[in-house]
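I opened this notebook to record what I looked up in one model. The entries follow the order in which I worked.

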Amino acid sequence: MSISNNDVQHVAKLARLNLTAEEEQTLTGQLNAILKYAEKLNELDTEDIEPTTHVLHVSNVMREDETKESLSIEQVMRNAPEEEDGQFKVPAVME
């Protein structure tokens, strides 16, 4: 598997990045180097390795729900660029 300049341009467009031709070339090379390194993992013999979900043993990571004092509406609305009726006012996304 390898990354082409077209792939980099496509991802840059999706991420709304304006890359120069030099940056595209650099990123293409860097991404291909990463993929080449990752392909080395295919050479490992994992036949006797049991699949895991975590590197470390994790048990009972849930905590009890505790009620805590929250910010007041006034405090929260101080961060709002615009507010209406105690809610954040945002631009419409659909007409």
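**Surface and overall form**

I began with the accessible surface of the protein chain, which comes to about 9,900 Å², with 52% of it belonging to carbon and sulfur atoms. I noted that the model is predicted.

I next looked up burial and found that 6% of the 95 residues of the protein chain count as buried.

I then turned to the radius of gyration. The protein chain has 24 Å, whereas a compact globule of 95 residues would have a value near 12 Å. Along the principal axes, the C-alpha atoms fill a box of roughly 60 × 45 × 25 Å.

**Elements and contacts**

I recorded 3 helices and 2 strands in the protein chain. From the N terminus on, I read their order as α-α-α-β-β.

For contacts between residues at least 6 apart in sequence, I noted that 28% join residues at least 24 apart.

**Thr28**

I located Thr28 in helix H2, which covers residues 21–39. Is Thr28 buried or exposed? Its relative accessible area is 9%, under the 20% cut-off, and therefore Thr28 counts as buried. Leaving out residues up to four places away in sequence, I listed Ile3, Ser4, Asn5 and Val8 as touching Thr28.

**Charges**

I found 1 salt bridge in the structure. Lys89 forms a salt bridge with Glu84, and their closest N and O atoms are 3.4 Å apart. Lys89 is partly exposed at 42% relative accessible area, and Glu84 is partly exposed at 44%.

Lastly, I looked up the 8 positive and 20 negative charges of the protein chain, whose mean positions lie 6 Å apart.

Technical notes. Residues numbered from 1 in each chain as written. Predicted model: local features only at pLDDT ≥ 70, side-chain atom pairs only at ≥ 80, totals over all residues. Heavy atoms only, no water. Helix = DSSP H or I, 4+ residues; strand = E, 2+ residues; numbered from the N terminus. Buried < 20%, exposed > 50% of the residue type's maximum accessible area, 1.4 Å probe, protein only. Contact = heavy atoms within 4.5 Å. Salt bridge = Lys/Arg side-chain N within 4 Å of Asp/Glu carboxyl O. Rg over C-alpha atoms; globule rule 2.2 N^0.38 Å. Areas by Shrake-Rupley, 256 points an atom, 1.4 Å probe, with all protein chains shown as cover. Lys, Arg positive; Asp, Glu negative; His and termini not counted. Charge placed at Lys NZ, Arg CZ, Asp CG, Glu CD.
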